Amino acid sequence: MEGREEKLCGKWRVACGLYSYNLRDVFTWHLLKTVVMGQVLSLLICGTAVSCQYLADAGVETPMLQSFLNYALLLLVYTTILSTRRGDRNLLQILKTKWWKYLVMGLADVEANYAVVKAYQFTTLTSIQLLDCFVIPVLMVLSWFFLKTRYRLVHLIAVLVCLGGVGAMVGADILAGRDQGSTSDVVLGDGLVLLSAVLYAVSNVCQEYTVKNLSQVEFLGMMGLFGTLISGIQLAALETRAVAAIKWDFHISMLFAVYALCMYALYSFMPVVVKMTSATAVNLSLLTADLFSLFCGLFLFHYTFSTLYIISFVVITLGFVMFNAVPTYSALPESGSSEDDDADPAAESSTDRLLSADRDTQRTETLTAVAAL
């Protein structure tokens, strides 16, 4: 009986992915860096949210212009770098072979940003916060099929924990009377949020594949090129009057600059974190962005404080740590670029070493399970 119980426990540990870990293996310097870098991304999103709020208070509602400024910065920096390269990694060579793939990626990213901003005109903040989490299961499904990422039970539990933290945040918003937004067409607004989530998932899967198998500069350069082109056309078609009505002064100009720089830093820094972890892990860390915005709103916009905000932050962070404590496995090879990625020997993290040991142990456990059968 004892031998049978041990084998059952072994199978359970294999399924969870926890069978070969102790606290020193889990709470590593790599994990700490991942958590900190994820929160830096959330702070950058917080910067964009605060600047957007100030622009809205000033009567400026030009989401496509704001996106265009970000893509233009990416174009000026990263697309220029691509154009100076030689060989197969040159801008022209990339366009000859993969232009339509990056066009789809750029279109998904631009329209995802536009759809979620447009949704505020039709539905409530609570609906947007809840439905925006739809990006995570969609991203996990796309990663499973296209990136061959394999998740364990602990990853699914971690996602549920993070979503529970979002639920606490939304509950705090409702109790504080912050269920802002419109209810003019809730079905349309909720549909736009779900569409945005799907498009973000598509863009993030493309990003993860590109930065892990090609290069970060190629991803950012092509995003800048096609993002500028698409958002520029949409800007001319939809926001010409709104841009002309802006009363430009130093205050408005600084708000646009802060927004554009925060978005530029977010797009530049996010591939680094994605390469270290995964697009799913990054999106889990970004769930705290709304909380940082709320904390800023306590001082800047006089929001009502609730202890549920603190609980939500702790729960989301706990779920993020759980997700990253156990590595996922991808069947696709990673052929990273040496030109724009750090070729540091120490870059092989403890998570990578754990993954190697994890596969060996899993093979051993699998053979044991088969023998038991």
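Predicted model: local features only at pLDDT ≥ 70, side-chain atom pairs only at ≥ 80, totals over all residues.
Residues are numbered from 1 along each chain as its sequence is written, and side-chain values use heavy atoms, with hydrogens and water left out.

**Stop one: H4 and H12**

Select residues 63-84 for helix H4 and residues 250-276 for helix H12. Helices here are DSSP runs (H or I, at least four residues), numbered from the N terminus. The two pack at about 55°, their axes 9 Å apart; axes are lines fitted to C-alpha atoms over the stretch in contact, and angles run from 0 to 180 degrees between N-to-C directions. That makes H4 oblique to H12, the label left over once angles under 35 degrees (roughly parallel), over 145 (roughly antiparallel) and 65 to 115 (roughly perpendicular) are taken out.

Now show the side chains in contact, meaning heavy atoms within 4.5 Å. By class, the contact has 14 nonpolar, 4 polar and no charged residues. Nonpolar covers Ala, Val, Leu, Ile, Met, Phe, Trp, Tyr, Cys and Pro; charged is Asp, Glu, Lys and Arg; the others, Gly among them, are polar.

**Stop two: asparagine 70**

Stay on H4 and zoom in on asparagine 70. With a relative accessible area of 1%, asparagine 70 is buried (under 20%; exposed is over 50%, partly exposed in between, with a 1.4 Å probe and protein chains only). Leaving aside neighbours within four places in sequence, asparagine 70 touches Ala260, Met263, Tyr264 and Tyr267.

Cysteine 52 is partly exposed at 29% relative accessibility. Cysteine 133 is in no disulfide either, with the sulfur of cysteine 162 nearest at 9.4 Å; at 10%, cysteine 133 is buried.

**Last stop: leucine 91**

Select leucine 91, in helix H5 (residues 91-119). Leucine 91 is buried, at 12%. Beyond neighbours within four places in sequence, leucine 91 is in contact with Thr79, Leu82, Ser83, Met222 and Leu225. Finish with a C-alpha to C-alpha distance to glutamate 218: 8.4 Å in space, 127 residues apart in sequence.

Terms used
Disulfide = S-S within 2.5 Å.
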